[in-house]
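Please keep the sequence and the structure in view while reading.

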Amino acid sequence: MKNSKIKLFLTLAISLNWFTVGCGIFGTTEAPVDNGETSPQTPVSQEGGLRLGSLFPTTGDLASIGQNMPVAARLAVDTINACGGVNGEPVTLINEDDQTDPAAGSAAMTKLTEVDRVHAVVGSFASSVSTAALDVAVRNQVMMISPGSTSPVFTERAANGEFNGFWARTAPPDTYQAQALAALARQRGFNNVSTVVINNDYGVGFERQFNESFTDLGGTVLNQEQGVRYDPRATTLDSEAAAAFGNSPDAVAAILYAETGSLLLQSAFQQGLTDGVTILLTDGVYSEDFTKQVGTTTDGSSIIAGALGTVPGADGLALDSLRTLWQEEVGSELTAFVPHTWDATVLLMLAAEVGGSNSGEVIKDNLLAVAGGDGVEVTDPCEAMELIRNGEAINYQGASGNVDIDENGDVVGVYDVWQVNSDGSLEVVDKIEPIIN
């Protein structure tokens with residue numbers, strides 16, 4: 001931000017929030033707003049300014065990736081508040097931890113919508129959590145944008161009209177990522193692969209699309225008829241590891257979450273099944289915390305050194321400015337899904353400003369107007385707000401991409417190819433585009 005007053009505001013706000021995050025105190029960061037007794041189906045009033053909720057896994061199986069997401073949402077809100085807020089008032093952000101658990105996520109969404117009376121929610125990350133929370137959001141006419149729930153099931157349900165438009169995401173669906181992983185596998189010369197997936201919306205949807213794409217490209221999925229799916233609550237995964245790695249594949253496409261996935265890969269290694277097999281991973285484990293959980297060999301090398309993976313990349317026009325702001329205010333490098341979280345939060349605020357109201361219905365009705373179309377292309381959120389206030393149409397260009405959301409709430413993106421180095425660090429080594437039929 002160029003204005004010194006804005007810079008000072010941001011520094012103070014982020015410092016206070018970072019203290020809260022750093023101490024592990026996730027949950028409500030603003031006092032809940034009590035508007036009296038209202039039925040869950042009644043739209044939330046505009047009184048008291050725009051209220052946003054964030055719903056992310058700051059504990060549980062995806063915590064290693066999810067902990068920076070509420071920080072990104074807070075940074076976006078503080079940025080907009082520093083240049084006038086939304087509809088003339090400051091925006092309130094209320095954070096909830098979904099614990100990477102559908103039941104906890106549903107309960108947290110119920111609190112956000114029916115107690116805190118939020119108008120919109122950014123989140124969640126896990127597709128299974130978003131599935132559980134989304135029913136609550138739709139019932140309460142609260143707009144929900146996920147920066148990371150990538151199950152293809154959302155596209156199908158949206159096309160069937162189940163969400164009434166109250167759903168969108170800034171990360172592309174796994175219809176595309178599965179195609180990209182299949183293309184990567186064939187590009188690297190793998191002819192015969194096996195799969196093992198976490199048994200939830202994310203894993204099963206990914207498995208289905210990967211199998212179809214890989215065979216369309218001329219490859220063979222060795223266990224296609226009896227795919228290995230593991231229980232997200234499992235504490236031992238020896239038999240699943242043996243089933244996935246035991247048929248001499250060139251590679252294993254492992255669609256995992258970090259805590260449980262590390263157990264599976266440890267078991268495969270301990271059973272001597274990983275020699276000569278390349279492990280193919282995805283966004284659910286894109287974290288160095290994951291490689292640490294998997295562990296090292298006797299010589300100190302990562303057990304999964306040489307593994308390759310895909311993760312939704314960020315190539316938006318606003319990426320460089322967000323990277324600079326994040327470094328200045330948070331003091332670290334951008335991590336996966338931070339750009340997608342930033343964009344999701346900004347879009348909710350821009351849509352409310354365009355509609356001149358803070359209701360979830362108005363935000364829903366104006367989301368596509370700011371996320372595409374023929375308006376002025378703009379990357380800076382404050383510049384976008386100023387253009388809107390002056391009566392001009394905008395086309396927000398995000399940090400994650402152009403965020404041109406379609407009628408089913410989807411975007412198309414590119415994918416980074418990453419590898420695990422011998423010391424367990426992660427390195428982006430290439431980009432790959434999905435094969436869109």
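The axes of helix H12 (residues 319-329) and helix H13 come within 11 Å and cross at roughly 100°, and because angles from 65 to 115 degrees count as roughly perpendicular, H12 is described as roughly perpendicular to H13. The model is predicted, and the points below should be read with that in mind.

**Helix H13 and its two helix partners**

- In the contact of H12 with H13, Leu 319, Leu 322, Leu 325 and Trp 326 of H12 meet Val 338, Pro 339 and Trp 342 of H13, and by class this contact has 7 nonpolar, no polar and no charged residues.
- Helix H13 (residues 338-355) also packs against helix H15 (residues 381-389), here at an angle of about 15° and with the axes 10 Å apart; because angles under 35 degrees count as roughly parallel, H13 is roughly parallel to H15.
- The crossing in which H13 passes H15 is right-handed.
- On the H13 side of this contact are Trp 342, Val 346, Met 349, Leu 350, Glu 353 and Val 354, which meet Pro 381, Ala 384, Met 385, Ile 388 and Arg 389 on the H15 side, and these residues divide into 9 nonpolar, no polar and 2 charged.
- Trp 342 is named in the contact with H12 and is named again in the contact with H15.

**Helix H14 and what covers it**

- Within helix H14 (residues 360-370), the buried residues are Gly 360, Val 362, Ile 363, Lys 364, Asn 366, Leu 367 and Val 370.
- The cover over these buried residues includes strand S3 (120-123), strand S4 (143-146), strand S5 (167-169) and strand S13 (394-396), and it also includes H13.

**Strand S6 and its pairings**

- Strand S6 (residues 192-198) is mostly covered, with 6 of its 7 residues buried.
- S6 and strand S9 (residues 251-255) pair in the parallel sense over 5 bridges, and in this pairing Val 197 stands opposite Ile 255 of S9.
- S6 also pairs in the parallel sense with strand S8 (residues 228-230), over 3 bridges, where Val 196 stands opposite Val 228 of S8.
- Strand S7 (residues 220-221) runs parallel to S6 and is joined to S6 by 2 bridges, and the bridge partner of Asn 192 in S7 is Thr 220.

**Two buried residues**

- Gln 397 is found in the loop between S13 and strand S14 (415-420), and because its relative accessibility is 8%, Gln 397 counts as buried, the cut-off for that term being under 20%.
- Not counting residues up to four places away in sequence, Gln 397 touches Leu 317, Ala 318, Glu 377, Val 378, Thr 379 and Asn 402.
- One of these contacts, Val 378, is 19 residues from Gln 397 in sequence, while the C-alpha to C-alpha separation of the two is 5.7 Å.
- Ser 262 belongs to helix H10 (residues 258-270), and because its relative accessibility is 4%, Ser 262 likewise counts as buried.
- Leaving aside neighbours within four places in sequence, Ser 262 is in contact with Tyr 257, Phe 290, Gln 293 and Val 294.

Definitions and conventions. Residues are numbered from 1 along each chain as its sequence is written. This is a predicted model: local features need pLDDT of at least 70, side-chain atom pairs count only at pLDDT 80 or more; totals for chains, interfaces and linings use all residues. Side-chain values use heavy atoms; hydrogens and water are left out. Axes are lines fitted to C-alpha atoms, for helices over the stretch in contact, and angles run from 0 to 180 degrees between N-to-C directions. Helices (H or I, at least four residues) and strands (E, at least two) are DSSP runs, numbered from the N terminus. Angles under 35 degrees count as roughly parallel, over 145 as roughly antiparallel, 65 to 115 as roughly perpendicular and the rest as oblique. A crossing is left-handed if the near helix is turned anticlockwise from the far one by less than a right angle, and right-handed if clockwise. Contact means heavy atoms within 4.5 Å. Ala, Val, Leu, Ile, Met, Phe, Trp, Tyr, Cys and Pro count as nonpolar, Asp, Glu, Lys and Arg as charged, and the others, Gly among them, as polar. Buried means under 20% relative accessible area, exposed over 50%, partly exposed in between (1.4 Å probe, protein chains only). Two strands pair if DSSP finds at least two bridges between them.
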